[in-house]
Amino acid sequence: MAGSRPEAQDHPPENGFTPLERPAPRLLPHIDGCVLPSLGGFGRHQKQLVVLTWIPALFIGFSQFSDHFLLAQPNGTCVSPAGNHSNWTGPPLLASGAPALQLRANGTAEEPGDSAGLLCACEERRLELQTGLLQNVVTKWHLVCDSAWKVHIAKFSLLVGSIFGYLVMGVMADWFGRHPVLILSALFMLVFGLSVAFSVNVTMFSTLRFFEGFCLAGLALSLYVLRIELCLPGWRFSMTMVASFLKVGGQLLMPGVATLCRHWPIGDDWQVLQIVIISPFVLMLPYVWIFPESLRWLLATQHYKRSKAMMLRIARKNQVDMTTEASGVLAELEQELHKKPQRSCIVKMMSTRNLWKNIVVLCVNSLTGYGIHHCFARSMMDPEAQPTALCHTDYYTMAGIAVATCLALCPAVGLMGRRGGLLTFMIITALASLLQLGLLNLIGKYSLRHDTVLRDTLNRKFSVAFSIIGMFSSHAVSTLSIFFCAEITPTVIRGGGLGLVLASAGFGMLTAPIMELHNQKGYFLHHVIFACCTLLCIICLLLLPEPRGQPLPESLADGETFTRQTLLHPGEQHLLLVKYERDYSRVHDTPLHLTATGGATAAVATALAAVPASYALATGGEVIGNCAIANGV
């Protein structure tokens with residue numbers, strides 16, 4: 001138009017320089033805020049994949065609790081006592097000429113009349129199970145008395161294999177991707193799991209169980225990471241808790257599965273049970289084609305060519321028009337296609353300032369939670385109960401406590417957040433442990449000294465009550481610590497970080513077979529140590545950030561800035577941190593300050609006058625007029 005003038009002429013650049021335009025913020029690093037919402041958010045495609053991660057959780061529960069049936073200790077009956085029956089000084093013989101004896105948890109003999117070792121002295125023994133099976137590994141190879149230590153080695157093998165699996169598979173998941181680890185773990189789980197059923201001796205059984213635990217750990221870890229990375233912030237915890245419920249469901253269904261395998265016509269029933277709990281993993285073989293790689297991991301490690309194809313596939317399944325909804329993300333992705341992938345390892349965590357501390361705190365929490373859980377379980381068991389009642393009652397009690405924990409975690413975390421819920425359950429664990437260790441001794445020492453029966457009854461009831469509360473809270477601590485780590489660890493090292501916390505949980509689980517191997521010697525000290533660890537954890541938990549509602553960190557830089565929120569309001573914190581540029585040109589000295597500075601100047605001049613000129617020149621100074629300036633003064 002004739003009357004219009006260019007905008008540049010109306011506002012000429014100051015000082016002859018054109019102001020630089022700020023670059024547009026990048027969209028690809030903000031996966032929860034930009035990328036996934038542009039692809040339909042938590043749409044149909046993501047929900048289908050999350051359901052696929054739930055299905056194996058039931059089978060993982062079967063495998064993790066199979067030791068309770070494959071390696072259960074049987075009741076023993078002495079069929080042929082050593083020596084002549086006329087010289088038998090043990091308990092009264094049964095109709096078959098055999099005294100009924102029981103086995104301790106470590107496989108040695110125990111009789112109600114305190115005749116330990118009588119069963120081991122028998123020439124011929126009959127072992128009977130009370131766990132739903134007619135025969136298991138212990139009864140097949142007679143792993144009692146002098147061979148009882150082999151049972152504990154078999155229990156160690158699965159847990160130690162899981163520990164190594166969490167560490168190794170976590171690193172591989174960060175380096176090669178989540179999908180390869182998932183498929184390889186499922187494939188070798190079938191190979192080693194089915195081979196366990198055809199073991200010819202206990203050595204072969206223990207060795208194959210080690211590799212079974214290794215593959216089981218890789219399977220559980222990869223599914224956990226994939227489930228977390230598929231969800232938006234509002235869905236992460238609820239989707240994880242559904243998987244936890246299914247895992248506990250496998251624990252509850254395991255006795256029924258063992259009972260169904262009891263009268264199988266072909267083979268030993270323990271072999272049938274092993275095949276039954278491993279065979280469902282065949283359903284995971286089609287995951288090679290139907291389960292994709294994690295889009296979050298592809299973007300975080302700069303696999304942009306694979307990311308583009310993945311984004312187009314997700315948009316098509318979620319029925320999203322990429323030309324309108326995700327045009328900015330695709331345009332930026334096109335500009336980044338030339339970049340090479342960059343992988344990371346958990347070792348890089350040591351170069352951070354805050355991230356490694358958070359992971360170490362969660363590792364200690366997980367170790368303490370699972371370690372003290374066994375202490376509470378041991379206190380809950382009634383040593384005077386019959387083996388049948390002891391087996392079924394304790395097993396279902398622990399499973400029921402796990403269900404109650406999952407039910408309580410959902411509202412607790414919803415109200416208090418991740419850090420608040422974890423801190424609350426850790427405080428409950430510490431209180432239950434300290435009261436169980438201290439209050440029961442006070443009851444026996446300062447009250448009811450004459451009524452021993454009432455005192456023992458109260459001690460027993462209080463011990464069971466505190467044990468149930470402690471098992472409940474310690475299970476919540478362990479579950480929440482693992483989930484907490486998955487949220488605060490960056491995507492590039494999430495597999496390794498989660499593997500460390502899960503491996504720490506495995507070390508906590510190892511305390512159970514270790515105590516059984518030593519016949520519960522040192523149990524009280526064991527409980528005291530973990531009780532002290534709970535107090536330490538309470539202090540350390542205050543240093544953790546609150547990840548509720550926050551996007552997952554993608555890079556190490558994101559994880560480093562993911563720190564604990566201060567007690568101040570964000571606006572107040574900003575006022576403390578902002579730097580103001582003040583103008584002090586019109587600020588004049590007060591008369592008192594002028595007098596003080598004048599006196600100081602005169603004193604300095606007098607001191608300099610006393611410095612010889614030759615000394616000033618010798619030390620690099622100079623003479624200006626009659627004044628010697630030494631060292632630049």
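Which residue forms a salt bridge with Lys-339? Select Glu-336: its closest approach to Lys-339, N to O, is 2.7 Å. Keep in mind as you click around that this is a predicted model. Now colour the pair by accessibility. Lys-339 comes out as partly exposed because its relative accessible area is 32%, while Glu-336 has 11% and so counts as buried.

**More charged pairs**

Side chains of opposite charge can pair when their charged atoms come close.

Next, pick Arg-236 and Glu-487, whose closest N and O atoms are 2.8 Å apart in a salt bridge. Arg-236 sits in helix 9 and Glu-487 in helix 18 (residues 452–488), so this pair ties together parts 251 residues apart in sequence. Both Arg-236 and Glu-487 are buried.

Then jump to Glu-554 and Arg-296, another salt bridge with 2.8 Å from N to O. Here Arg-296 belongs to helix 12, and Glu-554 to the loop between helix 21 (523–541) and helix 22 (556–561); the two are 258 residues apart. Again, Glu-554 and Arg-296 are both buried.

**A helix with a kink**

Show helix 9 by itself, residues 236–260. From first C-alpha to last, its 25 residues reach 36 Å, close to the 36 Å expected. Where does helix 9 have a kink? Go to Leu-253: there is a kink of about 40° there, shortly before the proline Pro-255.

**Into the core**

Time for the nonpolar residues. The largest nonpolar core has 76 residues, and Val-35, Leu-273, Phe-281 and Leu-295 touch the most other members. Helix 8 (residues 202–230) gives the most to this core, with 10 residues. Apart from it you can find another core of 57 residues, including Leu-355 and Leu-480.

Zoom in on Val-35. Beyond its close sequence neighbours (within four places), its contacts include Leu-295, Leu-299 and Met-311.

Last, hop to Ser-307 in helix 13 (residues 304–317). Is Ser-307 buried or exposed? With 0% relative accessibility, Ser-307 counts as buried. Setting aside residues up to four places away in sequence, Ser-307 touches Leu-295, Leu-298, Leu-299 and Leu-333.

Terms used
Residues are numbered from 1 along each chain as its sequence is written. This is a predicted model: local features need pLDDT of at least 70, side-chain atom pairs count only at pLDDT 80 or more; totals for chains, interfaces and linings use all residues. Side-chain values use heavy atoms; hydrogens and water are left out. Helices (H or I, at least four residues) and strands (E, at least two) are DSSP runs, numbered from the N terminus. Buried means under 20% relative accessible area, exposed over 50%, partly exposed in between (1.4 Å probe, protein chains only). Contact means heavy atoms within 4.5 Å. The expected span of a helix is 1.5 Å times one less than its number of residues. The bend at a residue is the angle between axes fitted to the seven residues ending there and the seven starting there. A nonpolar core is a set of buried Ala, Val, Leu, Ile, Met, Phe, Trp, Tyr and Cys residues joined through side-chain atoms within 4.5 Å. A salt bridge is a side-chain nitrogen of Lys or Arg within 4 Å of a carboxyl oxygen of Asp or Glu.
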